[in-house]
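Subject: Structure handover

Hello,

Here is the structure we talked about handing over. My notes follow below it.

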Amino acid sequence: MDRLRRNYQSALFCVSVLFGLWVASQYSYLLFHSTAEIFSIVVACGIFVLAWNSRRFAENTYLLFVGIAYLFVAGLDLLHTLAFKGLGVFPGHESNLATQLWISARYVESASLLVAACLINRKPRVSLTLAAYGVVISLLLASIFYWNIFPACFVEDQGLTAFKKISECIICFLLIASIGMLLRQRRAFEPHIVHLLIASIAVTIASELAFTLYVNVEGLPNLMGHYLKIISFYLIYKALIQTGLTKPFALLLRDLKQSEEALKAAKENLESQVEQRTAELQGSLEALRESREKLDARVRERTADLEQAKENLEREITERREAEQKFRNLAEQSPDMISIIKEGRFAYVNQRYEEIMGYTKEELYCPDFDFLTTIAPESRALKEANFRKHMNGEEVSPVEYSLRTKAGKHVNAITATKLIDYEGQRAILLTATDITWRKQAEEKLRRAHDQWERTFEAVPDLICILDQTHRIVRVNKAVADRLGRAPEDLVGRHCYEVIHGAEAPPESCPHTQLLADGQEHWVEVHEERLRGDFSICVTPLRNADGQPSGAVHVAHDITSRKAAEQALRRSEWELAIRNKIAQIFLTLADEQMYSEVLHVVLEAMESKHGVFGYINEDGAFVCPSMTRDIWDQCRMAEKDYVFPRENWGGIWGKAMTEKKTLCSNTPFAVPEGHIPVVRALAVPLICLGRVIGLLLVGNKAGDYEPSDRELLETIAAYVAPILGARLERDRWESQRREALQALQKARDELEMRVEERTSDLAKSREALWRLTGRLLSVQEEERRRLARELHDDLTQRLAVLAIDAGKLEQQLDAPPDALREKIGRMKEQMVRLSADVHDISRQLHPSIIDDLGLRQAIQSECVNFAKREGIAIRYEPRDIPTNIPRDISVCLFRIVQEGLRNIARHANVQQAQVRLAGSDSFITLTIEDSGTGFDPAQGRAEAGLGLVSMAERVRLIQGEFRVESNPGEGTVITVTAPLSGD
């Protein structure tokens, strides 16, 4: 009970901490991030402290290696925390630096966990491990801070790079591999420690996956990733630090405890064995005395036996020599290879052996010749094993070896060996039969069989082989896949049971017909269990007497062909209906058209009654056509064919209101006198997204099926645009008549307005002429300014450089210091000249937009303007799209240039502000100063070319230009440009 309460308290505490961190993230994401990272850094340092101070007595090398690794991981996490956007510890770096340090730390952590799991039983050298980590961390930091070669991981306004996402996947793979290694080495830990370690690594994997999803460093995936990292480090804290402090035997001294227990058990076992061995030795001494007496008696008996054996041996030697001669005669005539091997050397080979192997007897009998030379490398191990069995007295069955001839050719042979007595020593008799030709034939047969098997299984058609009793002998993979069964499950079962689910063959079974007449048969069938239509060819298999013994069934799927044929027939029928309806619309007037179209629809739908109507301009439903003779059958007191929207009801009104097809196959409740309605199908006529009418059919003999619904919807889709065109034509005719009346009235008013407009145009033309004159004047003035700049400044500088060059030529014999001074001045002049030419080029054509984009181009212009004019410009870009059309970029850049020039000329301020903000559809530029300001109305009347040129540029990109200013209150210029191109 206490343990359960403690668990609840711990869980409540953890939830409270996570909630507190969430509150902190809402207040300041920087505070939340720093808190989360500091917790992981503290846990990592704690693991190092525990591992370092227990390294002398702890046998578990996993803790020591992980402790050292986490010290360096903590260092990288600390740098990551300090580099986070907003702290300002590393000025000039964006979010990419923190992301690079994060990836480096995770690479080190995942690789260390995997290596630690692999080195559990190997104690690392501490100094070498520390040095290795120091080198790796130094290289990582140098590649990030010094060399700048570490791949980018995060790009502002774009999010994570492909390298960052791929790295997270690699890190997850390393962590999964470390889990696998921990499971293999789980006996080195207590079970609960293994569970905590695996849980920590699993949560780390989830954390890494979360870090592949964020685009903004303060987004939800980033927040969830840090939550998971906190949980991961808490679990590893529980596994290593808390367990190491509260239960040291479970983690640090586990090996010592196990060794102590094993030593006690070994001591008790040894004492027991000593007592047992003492008793055995006492019994052996008594047995030894008795054996000695018996041995003396046997020695006397053995001496007499040896004398008799000597006589027998001499007689046996004579017989053996005779038998050996017979063996040699027989061996030389044998078609098999026969050899005798003694002490690893050939003692005898027959003539057949020489012919096949290509060696002479002199070569084989040479003391330096090793018989294993004649054995192919792949068979030597088996040969040596069989020889050892012979020497141990074991029987060895004939086996297949691969021999190697003197020419290096391999010979396959069946080899039989037998242990014999040859010339007074043990030897091995070897008989080998050449089966090379048989192996070649078997290989050809195997390849042919494999090719047939692959072909049989690869055929997409369904192939089934049956015997005379309708039992399945074999099926290919296509049949098994269609039935969802393994091929071996189908063999031996009746085909009609498996394919048709019946207890006997069907009447039209082609297999039955084949067994009866022995001929090939073709049929087309539809089979539900095989889910389709098939064309089946049944071919007989015949026995040696030519009688059918079975059949091969090949079924080709023709489902798609059948469906296409059915669809073609339905399309032809629907086309015929469309042609009838089109003919009616083209040839008949409205009074007959509605009735005839409804008649065609009722015939197609096999229905007795129906309605075809439209919605007029007042929104009422008009039914100019109902079923023929409907008025004679209806007995309602008040009849009408125009229904205002407020009177819409039933299935027809609901279908038009909800803009969807409605169907009912149950009787309807109708007003008194109305014809009975048993079934109904209503489809609204929709044209350009608007309901313009209704097609309704009813009282079919049977229920309306989905196919009926599909057909009526098809007809409605065809009728709707035609009806819409006719209604639009009628509406246009009505509007044309009204428009003619209104046109005459407007004509008189227009004549009066033309006179007034003529006067206004004259005034506008005069203002346009003045503006054109000023534009040409300013253009000519700008050309003169550029010419003056080039003539009075650049050309004079070039002249000075030419003069200095002439003097330098005359002073070639002068001291080197004087030459260096002259050359230095020329260099300064050329540098300044290059800078001025660059400024003129920027004024004429802003190439920086093509190179760096609008955001960097405006920033560069603001910096250059501030240096040139001494006016501080605060530039604030936000959410800038990556692909801005070039004409919009040039327009906004020119407006910034002109706006800043106006501030320098007229505003009389020391600072100004430029803001650039983007969205999915628009981009907005704002230039603001708190200077002298002006009256916009007066400014337009005086025709300042700067504002006019800005407005004209914005008009060309279909944007909006707005100027807000008052004398003494500053000026705000706002430009809004569309990005969609509309």
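**Antiparallel sheet and its helix**

Helix α13 (residues 377–391) lies across β3, β5, β6 (410–422) and β7 (425–434), and runs at about 125° to β5. Please keep in mind that this is a predicted model.

The strands under discussion belong to an open sheet of five, in the order β4-β3-β7-β6-β5, with antiparallel pairing. Its edge strands are β4 (345–349) and β5 (399–404), each of which pairs on one side only. From one strand to the next, the twist averages 40°.

Serine 339 has valine 349 in β4 as its bridge partner.

**Mixed sheet**

Another open sheet has five strands in the order β19-β20-β21-β23-β22, and here the pairing is mixed. Strands β19 (872–878) and β22 (960–965) stand at the edges; each has a single partner strand, so one side of each is left without a neighbour in the sheet. The twist in this sheet averages 10° from one strand to the next.

Within the sheet, β21 (residues 922–929) and β23 (residues 971–978) pair in the antiparallel sense, over eight bridges. Isoleucine 927 stands opposite isoleucine 973 in β23.

- Helix α27 (residues 886–907) lies across β19, β20, β21 and β23, running at about 10° to β21.

**Threonine 661**

The last item is a single residue. Threonine 661 is placed in the loop between α22 (650–658) and β16 (662–664). Is threonine 661 buried or exposed? Its relative accessibility is 9%, and because the cut-off for buried is under 20%, threonine 661 counts as buried.

What does the side chain of threonine 661 make a polar contact with? The partner is the side chain of glutamate 713, at 2.8 Å. Leaving out residues up to four places away in sequence, threonine 661 touches Leu681, Ala682, Val683, Pro684, Arg709 and Glu713.

Regards

Key:
Residues are numbered from 1 along each chain as its sequence is written. This is a predicted model: local features need pLDDT of at least 70, side-chain atom pairs count only at pLDDT 80 or more; totals for chains, interfaces and linings use all residues. Side-chain values use heavy atoms; hydrogens and water are left out. Two strands pair if DSSP finds at least two bridges between them. Helices (H or I, at least four residues) and strands (E, at least two) are DSSP runs, numbered from the N terminus. Axes are lines fitted to C-alpha atoms, for helices over the stretch in contact, and angles run from 0 to 180 degrees between N-to-C directions. Contact means heavy atoms within 4.5 Å. Buried means under 20% relative accessible area, exposed over 50%, partly exposed in between (1.4 Å probe, protein chains only). A polar contact is a pair of N or O atoms within 3.5 Å; within protein, one must be able to donate a hydrogen and the other to accept it, and residues adjacent in sequence count only if both atoms are side-chain atoms.
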